Amino acid sequence: MFLTRLVYFSKSAPAHEIDVEQILRSARTYNKQNHITGALWFDGDYFVQVLEGGRHAVSHTYHRIASDPRHFDIELSVCEGVDTRLFHAWHMAYFADTEDNRNLVLKYSGQDKLDPARMTASSLLHLLAEGQLLGE
């Protein structure tokens, strides 16, 4: 099994109410069964997500997520083989729009409002790796 890390971002679909707790419960159950770890950042407008695991499992999970109508303008930022997981302790860590996290956005971009289309894949990954976790 080749260990793979995938980072994508998307916009929240305005026609759908986003139940983050339901998304997290579903993701954590699915990810645990499929040996996937990662993190989700949601600020009300954008989703940024990192998935880590076997290449096939990550690819299948990404395609499943991409078909979800709760988001659109899905953009793959990076998908690469890696030697180790950054989010090994979480089946899905969660980061929200808090003051501490907005300060981190400012550290990795030109503003304190998340706009992943204006950030590099590396900046998005560092942002998630340093974000203030809201639980797993």
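Q: Where in the protein is confidence lowest, and where is it highest?
A: This is a predicted model. Helix α3 (residues 99-108) has the lowest confidence, with a mean of 89. Strand β1 (residues 3-12) has the highest, at 97. The protein as a whole averages a pLDDT of 92, and 96% of the residues score at least 70.

Q: Why is α3 called roughly antiparallel to α4?
A: The axes of α3 and helix α4 (residues 121-130) cross at roughly 150° and come within 10 Å. Angles over 145 degrees count as roughly antiparallel, so α3 is roughly antiparallel to α4. Their crossing is right-handed.

Q: Which residues of α3 and α4 meet?
A: From α3 come Asn 101, Leu 104, Val 105, Lys 107 and Tyr 108. From α4 come Ser 123, His 126, Leu 127 and Glu 130. The residues of this contact divide into four nonpolar, three polar and two charged.

Q: How many aromatic pairs are there?
A: With ring centres required to lie within 6.5 Å, the count is four.

Q: What makes the pair of Trp 41 and Phe 95 stacked?
A: The ring centres of Trp 41 and Phe 95 are 6.0 Å apart, and their planes lie at 25°. Planes under 30 degrees apart count as stacked, so this pair is stacked.

Q: Which parts does the pair of Trp 41 and Phe 95 tie together?
A: Trp 41 lies in strand β2 (residues 37-42) and Phe 95 in strand β5 (residues 93-96), so the pair ties together parts 54 residues apart in sequence.

Definitions and conventions. Residues numbered from 1 in each chain as written. Predicted model: local features only at pLDDT ≥ 70, side-chain atom pairs only at ≥ 80, totals over all residues. Heavy atoms only, no water. pLDDT = per-residue confidence, 0-100. Helix = DSSP H or I, 4+ residues; strand = E, 2+ residues; numbered from the N terminus. Axes fitted to C-alpha atoms, helices over the stretch in contact; angles between N-to-C directions. Parallel < 35°, antiparallel > 145°, perpendicular 65-115°, else oblique. Left-handed = near helix turned anticlockwise from the far one by under 90°. Contact = heavy atoms within 4.5 Å. Nonpolar A, V, L, I, M, F, W, Y, C, P; charged D, E, K, R; others polar. Phe/Tyr/Trp six-rings, centres within 6.5 Å; stacked < 30°, edge-to-face > 60°.
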